[in-house]
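Work through the exercises below with the sequence and the model side by side, and try each task before reading its solution.

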Amino acid sequence: MDLHAQLQAAWDHVRTTYKPGTIELTGVIVTQIVGFIIPATFYMLIDVLFPRFSQRHKIQDNHRQPTRQQILHCVKVTMFNHVWVVALYTLLVYFAGLDYAFLNQDPIIPPWKTFVVDFIFGLLAREISFYYVHRVLHHPSIYAYIHKMHHKYTAPVAFAAEYAHPVEHLLANILPLTLPLYLKGAHFLSIIFFFVFELWEAAADHSGYDFLKLPPAELHDLHHEKFRVNYGTIGLMDWIHGTDVVG
Ligand SMILES: [Zn+2]
Ligand SMILES: [Zn+2]
């Protein structure tokens with residue numbers, strides 16, 4: 001049995017065993033754990049487990065790195081952001097009922113080609129929407145009220161990816177990621193795969209390490225250091241608007 005047939009069999013099992021609401025809520029929680037919390041914890045532990053490797057690959061100097069206390073604070077706020085997102089989704093599922101599916105849970109999973117098209121569509125839609133929301137958040141008249149919080153860590157760590165004011169978390173982190181594929185009617189599994197990749201990428205972008213090359217973590221790290229460069233996620237919109245800076 002090839003991989004696609006195995007995935008179809010697994011999806012058949014899940015769909016016939018659990019209700020749509022349970023599947024979606026579990027998907028949201030597992031995605032956050034697998035895509036963000038586990039990788040972000042790993043990035044943080046590099047410093048403790050492999051100090052020499054960590055020193056070699058840190059993008060910014062040691063004296064700029066946050067203290068243990070600041071990192072703990074960052075983890076707490078980020079975890080709170082995860083909890084309220086899950087609580088909000090639980091509320092939606094509660095009111096809609098477990099038999100209702102917000103996302104496309106078609107019994108037949110799409111071909112690989114559709115997964116790839118969804119992925120590219122999601123990537124571009126997120127890049128465009130995140131870029132403009134991010135630039136608006138940098139507008140001097142509102143920066144201090146919302147986005148300044150995310151810029152607390154000028155030398156970021158992985159958990160700082162979601163260290164944000166709740167308004168920013170909703171407008172810049174959640175909606176650009178979820179809305180385009182939801183509106184496209186992408187399959188639940190396609191959305192889950194995309195989420196896992198994007199959450200990991202956000203953690204890697206903020207990890208403070210230079211060994212990620214998809215795109216280089218240095219780009220967003222430099223945004224935290226210099227503020228007015230590299231607003232986007234993959235570099236495309238920054239290239240178009242001339243806000244891209246490398247090195
Ligand atoms: Zn950031
Ligand atoms: Zn910013």
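Helices (H or I, at least four residues) and strands (E, at least two) are DSSP runs, numbered from the N terminus. The model is predicted, so local features need pLDDT of at least 70 and side-chain atom pairs count only at pLDDT 80 or more, while totals for chains, interfaces and linings use all residues. Residues are numbered from 1 along each chain as its sequence is written, and chains are lettered from A and ligands numbered from 1 in the order in which they are written.

**Exercise 1.** Find what share of helix and strand is present in residues 71-95 and in residues 29-50.

Solution. Begin with the record: UniProt, in an unreviewed entry, places the feature "transmembrane region" at residues 29-50 and 71-95. Such positions are given in the numbering used here, feature names are shortened, and annotations may be inferred rather than shown by experiment. Residues 71-95 are 100% helix and 0% strand, with end C-alpha atoms 36 Å apart. Residues 29-50 are 95% helix and 0% strand, and their end C-alpha atoms lie 29 Å apart.

**Exercise 2.** Determine how α2 and α4 are oriented towards each other.

Solution. Two packed helices are described by the angle between their axes and the distance between the axes. Axes are lines fitted to C-alpha atoms, for helices over the stretch in contact, and angles run from 0 to 180 degrees between N-to-C directions. Helix α2 (residues 20-49) packs against α4 at an angle of about 175°, with the axes 10 Å apart. Therefore α2 is roughly antiparallel to α4, given that angles under 35 degrees count as roughly parallel, over 145 as roughly antiparallel, 65 to 115 as roughly perpendicular and the rest as oblique. Among the residues that meet are L25 and V28 of α2 and V86 and Y89 of α4, where contact requires C-beta atoms, placed from the backbone, within 7 Å.

**Exercise 3.** Decide whether I109 is buried or exposed.

Solution. First locate I109, which lies in the loop between α4 (68-96) and α5 (112-137). Next apply the rule that a residue is buried if 20 or more other C-beta atoms, placed from the backbone, lie within 10 Å of its own, exposed if 12 or fewer, and partly exposed in between. Because I109 has 20 C-beta neighbours inside 10 Å, I109 counts as buried. Finally, leaving aside neighbours within four places in sequence, I109 is in contact with L7, Q8, W11, H187 and L189. I109 and S190, 81 residues apart in sequence, have C-alpha atoms 8.9 Å apart in space.

Technical notes:
Contact = placed C-beta atoms within 7 Å.
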